[in-house]
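Reader: I'd like a close look at one part of this model, the place where the ligand sits. Could you walk me through it?

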Amino acid sequence: MADCIFCKLANGEIPTKMIFENDKVACFADANPQAPVHVLVLPKCHIESADGITPENSDCVKAVFEAIPQVADKLGIKDNYRVINNCGEGAGQSVKHLHFHIVSGDETLKARLF
Ligand code: AMP
Ligand code: ZN
């Protein structure tokens, strides 16, 4: 989608260091990390938010969840991370391209409700 920063990062139009990538999924570091490990995993297809997931596009969401353990393995955080999605501005979503935060490495994360 034109003018979507995450589409541009995911498809390479804006260069970034990919932590994990395949044909359906991209994963890169969050620009404003809230924990020692803080990355974003997203589908390459543009879905605005969790509210926009449908039977027609859920294949890319499935691919994201299949990628998450591989990302965790690569980052050395298996069995010790949180996966967070903010849906809508009311819940704090600031970039309107579906993405999942993976955060780890901070003891206080256990008690935090993002
Ligand atoms: P959310 O508030 O759930 O929509 O999360 C958006 C996240 O994207 C925030 O944690 C930002 O720090 C992060 N972010 C925004 N722009 C970029 C960018 N160009 N590269 C990496 N992360 C970004
Ligand atoms: Zn997008």
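To get us going, how far does a backbone N or O atom of serine 94 lie from an oxygen atom of ligand 1?

Author: Keep in mind that this is a predicted model, and everything below is computed from it. The backbone of serine 94 puts an N or O atom 2.7 Å from an oxygen atom of ligand 1. Overall, the protein covers 78% of the 510 Å² of accessible area that ligand 1 has on its own.

Now step back to the whole surroundings. Ligand 1 sits in the largest pocket, and 15 residues surround it. The closest are Asp30, Asn86, Gly92, Ser94 and His101. Sorted by class, the shell comes out as 7 nonpolar, 7 polar and 1 charged residues. As for secondary structure, helix 1 (5–10) and strand 2 (25–29) each give at least two residues to that shell.

Phenylalanine 6 belongs to helix 1 and phenylalanine 28 to strand 2, so to speak two distant parts of the chain, 22 residues apart, linked by the pair.

Methods
Residues are numbered from 1 along each chain as its sequence is written. Chains are lettered from A and ligands numbered from 1 in the order in which they are written. This is a predicted model: local features need pLDDT of at least 70, side-chain atom pairs count only at pLDDT 80 or more; totals for chains, interfaces and linings use all residues. Side-chain values use heavy atoms; hydrogens and water are left out. A residue is near a molecule or strand if one of its heavy atoms lies within 4 Å of it. A polar contact is a pair of N or O atoms within 3.5 Å; within protein, one must be able to donate a hydrogen and the other to accept it, and residues adjacent in sequence count only if both atoms are side-chain atoms. Accessible areas come from the Shrake-Rupley method with a 1.4 Å probe; for residues, only the protein chains shown count as cover. On a 1 Å grid over the protein atoms alone, a cavity is a set of points where a 1.4 Å probe fits but cannot get out, and a pocket is an open set with protein on both sides within 12 Å along at least five of seven lines; lining residues have an atom within 4 Å of a point. A molecule sits in a cavity or pocket if more than half of its atoms lie within 2 Å of its grid points. Helices (H or I, at least four residues) and strands (E, at least two) are DSSP runs, numbered from the N terminus. Ala, Val, Leu, Ile, Met, Phe, Trp, Tyr, Cys and Pro count as nonpolar, Asp, Glu, Lys and Arg as charged, and the others, Gly among them, as polar.
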